Amino acid sequence: MARVGTILSAVVLLLLMATPAQAHGGASVTIHSDGHGSVWITAQWQDGHPINEPTAVTMTAANSASAASVAPSVLRQTGDERGTQTYSGTLTPGSWRVAIDLGTPVNGHCQALIQVADPAATAQPTEVACLIPATSAPPAPSSSGGSLTPLWITLGALVVLGAGLAVYLSRRS
């Protein structure tokens, strides 16, 4: 019976150690601009699920021609099916290097060159995609409520293991 407890403990530990990025196989982040100064990102796990877990996303931007810059700004998560996060300001006309840093559970970086047109000119929308591999960094503790998916996966695995153990013990006796 001690052997069964050891096996169950090992399975539970393995399930709890996987980060969302490892479970989903990394992330795909796309920086978008409408060409008039609005910037947003869409973020999905590589398996297609949106990244709607609480994720700190910071944007910085620099315009080399005018020496203008945007101080690090936290993007606002919308919770939609595309994993959209938006910048609350707008960039002024010119050429901007936009950098996005994503915190736990993604832990990645993406950057794009974005052209912002004068208000009277025709704007050219921009989309730049970045692939972010799964990391082994442990998730940071969160004070906000997160997804219950890991709990349900763990409980489901325990039920399956328990059923298998019951069948094994009943056949053994």
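Modeller: Strands are DSSP runs of E with at least two residues, helices are runs of H or I with at least four residues, and both are numbered from the N terminus. This is a predicted model, in which local features need pLDDT of at least 70 and side-chain atom pairs count only at pLDDT 80 or more, whereas totals for chains, interfaces and linings use all residues. Residues are numbered from 1 along each chain as its sequence is written, and side-chain values use heavy atoms, with hydrogens and water left out.

Biologist: In what order do the strands of the four-stranded open sheet stand?

Modeller: Two strands pair if DSSP finds at least two bridges between them. Here the order is S4-S3-S7-S8, with antiparallel pairing. Strand S4 (68–74) and strand S8 (108–116) each have a single partner strand, so one side of each edge strand lacks a neighbour in the sheet. Direction ignored, neighbouring strands of this sheet are turned by 15° against each other on average; axes are lines fitted to C-alpha atoms, for helices over the stretch in contact, and angles run from 0 to 180 degrees between N-to-C directions.

Biologist: How many bridges join S3 to S7?

Modeller: Six bridges link S3 (residues 57–63) with S7 (residues 94–102), and the two strands run antiparallel. Thr-60 has Ala-99 in S7 as its bridge partner.

Biologist: Which strands stand at the edges of the five-stranded sheet?

Modeller: That open sheet has the order S5-S6-S2-S1-S9, again with antiparallel pairing. Its edges are strand S5 (76–77) and strand S9 (126–132); each has a single partner strand, so one side of each is without a neighbour in the sheet. Seven bridges pair S9 with strand S1 (residues 27–33) in the antiparallel sense, and Ser-33 stands opposite Thr-126 in S9.

Biologist: Is the peptide bond from Thr-104 to Pro-105 cis or trans?

Modeller: That bond is cis, with omega near 10°. Pro-105 is placed in the loop between S7 and S8. Asn-107 lies in the loop between S7 and S8 as well, and its phi is positive, near 55°, although Asn-107 is a residue other than glycine.

Biologist: Is Ala-67 buried or exposed?

Modeller: Buried means under 20% relative accessible area, exposed means over 50%, and partly exposed lies in between (1.4 Å probe, protein chains only). Ala-67 counts as exposed because its relative accessibility is 67%. Asn-107, at 27% relative accessibility, therefore counts as partly exposed.

Biologist: Where is Ala-67 found?

Modeller: Ala-67 is in the loop between S3 and S4. Its phi is positive, about 65°, although Ala-67 is not a glycine.
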